[in-house]
Amino acid sequence: MIAYIVRRLLLATLTVGVISALSFVIIKLPPGDYVTSYIAEMEAGGGTVSQAEADALRHQLGLDQPLYVQYGKWMGRLLRGDFGVSLEYRRPVVDVIGDRLWTTITLSLTALCFTWVLALPLGIYSAVRQYSIGDYVCTFIGFIGVAVPGFLLALVLLYASFVLFNAKVGGLFSPAYLDAPWSAGRVWDLARHLPLPALILAISGIAQTMRIMRANLLDELRKPYVTTARAKGLSATRALLKYPVRVALNPFVSTVGYSLPYIVSGSIIVSIVLNLPTVGPLLVTALLAQDMFLAGAIILMLGVMTVVGTLASDLLLMWVDPRIRLEG
Amino acid sequence: MATVREWDGAAAGAEDRASVATQWQLMWWRFRRHRLALVSAGLIAGLYVVVLGADFVAYSDPLASNAQRSLIPPQPIHLFDRGAFRPFVYAVTGARDPNTFQRVYVQDRNTKRPIRLFARGFPYRLFGVIPFDRHLIGVAGADAEDALFVLGTDVQGRDLWSRLMYATRTSMTIGLVAVALSLCLGVVLGGLSGFYPGLVDTVIQRVIEIIRSIPTIPLWMGLAAAMPQTWSVTRVYFAITIIISFIGWTDLARVVRGRFLALRQEEFVTAAEVAGASVPRIIFRHMVPSFLSHIIAATTLALPAMIISETSLSFLGLGLRPPALSWGVLLQNAQNIESVALSPWLMSPAAFVILAVLAFNFLGDGLRDAADPYG
């Protein structure tokens with residue numbers, strides 16, 4: 001068990017390392033650096049910057065040092081909470097991101113909860129009532145969830161709600177609460193706006209998980225021990241939930257950890273379509289404007305958040321499922 | 001007695017047929033039973049015909065813009081003219097609404113434009129070589145650009161159907177190239193991992209785990225955004241392909257590794273090893289043929305993810321850039337509620353994305369069932 005935790009922790013640390021390196025690469029990839037854009041800005045304003053001045057500035061900012069040294073310094077600043085300055089907004093990155101990180105986390109976690117809470121019962125239902133109307137409905141939703149990317153679903157939803165109800169969906173807050181400080185009313189407002197985008201984000205995960213659950217449970221229900229249990233007088237519910245469902249849950253353990261990265265990825269595009277105040281729209285504008293410190297910071301935060309979430313769900317599963325503890 | 005013997009004979013005949021059939025024949029028989037997969041195979045074949053002959057199926061120059069034709073709604077095609085089958089469309093005339101300043105279009109009921117097959121239109125090179133100017137359809141008496149709007153036009157007055165045909169070419173091939181790349185990565189790394197248990201396997205498995213636990217879209221967005229603005233359309237195309245192929249390889253590698261591990265235990269592999277066959281010979285001569293069908297199925301199932309990735313990146317403006325055409329680029333026009341509500345036909349590329357992705361999923365399902373015809 002301890003070995004398992006240690007292995008998980010090591011892997012998570014390694015993953016965070018890889019993500020930070022990739023974020024740094026993304027910051028450094030576009031041609032030119034801060035000084036080049038500074039010079040361009042000065043020249044646009046009519047001023048000039050000599051080569052010597054530029055070199056001095058580069059030296060001062062440490063941009064003339066080898067990449068790995070710059071990476072180390074960048075990491076050092078990150079650990080002290082300094083994410084650099086957004087070139088576009090001329091404010092510290094942390095200020096620009098602000099609340100948006102928390103809305104992203106809330107949205108992703110809600111979607112993850114939906115995946116769990118809806119997929120398992122639906123999967124069990126469609127296995128137990130195989131070929132019933134409900135099963136066909138689930139199968140249909142399953143195919144939609146697999147085939148339609150979230151952002152298209154969001155687009156269709158926008159259009160449908162506009163045509164049918166003449167209402168604008170989108171956003172996470174009513175206009176009255178948009179810039180209001182946090183209060184009970186604002187939280188309630190958020191809670192009312194949250195389910196729809198979260199469901200859109202969750203639907204592909206729900207579809208996949210539901211299909212796996214259905215297939216596993218069908219395999220399990222055909223086994224003789226289920227008949228034996230029924231013959232010995234166990235009630236139908238008990239004979240279903242006590243053994244077959246638990247066995248059918250097994251393959252989930254290895255796949256559920258991957259649904260969070262998936263949801264976080266999807267949230268970016270869905271947020272843009274539905275105009276949600278998450279880091280998604282910010283990331284796209286930052287990337288389009290080549291505001292790399294902001295973009296790199298967002299990518300890093302999203303990555304770390306995902307790794308932490310996955311780690312937490314792994315540990316939770318270990319606590320729930322004794323087999324992992326024994327294998328570890 | 002006679003009936004019994006006949007019945008015996010028929011059963012023996014069927015059994016003979018199955019026992020002498022080749023592996024591929026068995027698979028084909030199994031595949032045929034999956035109706036949805038067959039239909040999907042037809043649909044995908046159709047889409048690839050469009051890929052080959054996009055310029056032929058398009059009837060307007062996809063880049064010919066004209067503000068006079070901005071946002072024309074899809075035009076109804078009338079099939080019967082005075083009782084006879086003679087498809088035609090009415091001419092469309094536009095004017096600006098003096099109150100809303102929007103262009104409104106009315107059908108001119110007095111001017112009928114018959115639709116012609118193999119009509120002359122904008123010049124192009126068939127299959128990239130033969131100079132040609134015939135198109136599948138066109139109208140008599142006017143340029144197709146000014147008269148035929150099967151799916152309507154976009155803001156700049158470019159015909160959506162024709163643009164969609166060209167976009168299909170890009171989106172359907174980008175998935176293929178990307179999947180081929182990730183297949184190479186997946187087979188080599190998955191194969192290594194399955195063939196050398198121990199350190200190599202552990203390292204590759206950990207790398208896969210790390211990649212899978214990173215939210216991919218932000219990362220690939222970052223990489224895509226770092227492409228210089230000055231790059232040509234072709235370079236961007238290949239850069240995007242490479243970027244999205246890094247998404248798909250981990251799944252393929254897992255499939256290949258699983259197959260390798262299962263086959264390592266088989267007697268014929270041990271036999272080949274004992275007979276002194278070299279490692280490459282064992283892999284490529286004995287093992288690969290026996291899981292080729294599984295790889296084909298897994299590849300088909302990986303394609304939709306590639307198509308969706310490209311569409312998402314281009315939709316955000318970080319993938320292919322205009323004047324390049326792809327489904328995602330076309331969907332950029334449908335990004336906000338205002339345009340979607342006023343001109344819903346701009347969403348039609350979404351139908352193509354959904355159809356293609358569904359078809360690949362069904363086809364992959366059918367292939368996966370067929371890959372193991374003994375089950």
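This is a predicted model: local features need pLDDT of at least 70, side-chain atom pairs count only at pLDDT 80 or more; totals for chains, interfaces and linings use all residues.

Colleague: Okay, in the hairpin of S3(B) and S4(B), which residue takes a positive phi?

Modeller: S3(B) and S4(B) are antiparallel partners, with eight bridges between them. At one of these pairings, B:Leu126 sits opposite B:Ile130 in S4(B). Three residues lie between the strands of the hairpin, and the one with a positive phi, near 50 degrees, is B:Phe127.

Colleague: And which strands of chain B stand at the edges of the sheet?

Modeller: The open sheet has four strands, antiparallel in pairing, in the order S1-S2-S3-S4 (chain B). Each edge strand has a single partner, so one of its sides has no neighbour in the sheet; the two are S1 (78-81) and S4 (130-139) of chain B.

Colleague: What about S2 and S3 of chain B: how many bridges join them?

Modeller: They run antiparallel, S2 covering residues 84-96 and S3 residues 103-126 of chain B. B:Gly94, for example, has B:Tyr105 in S3(B) as its bridge partner. The count joining the two strands is nine.

Colleague: Now the contact with chain A. Which helix gives the most to the side of chain B that touches chain A?

Modeller: The contact takes 40 residues from chain A and 36 from chain B. Several chain B helices each supply at least two residues to that side, including H7 (199-212) and H11 (279-315). The top contributor, with eight residues, is H8(B).

Colleague: By class, how many nonpolar residues does that side of chain B have?

Modeller: Seven residues there are polar and three are charged. The nonpolar count is 26.

How values were computed
Residues are numbered from 1 along each chain as its sequence is written. Chains are lettered from A and ligands numbered from 1 in the order in which they are written. Two residues are in contact if their C-beta atoms, placed from the backbone, lie within 7 Å. Ala, Val, Leu, Ile, Met, Phe, Trp, Tyr, Cys and Pro count as nonpolar, Asp, Glu, Lys and Arg as charged, and the others, Gly among them, as polar. Two strands pair if DSSP finds at least two bridges between them.
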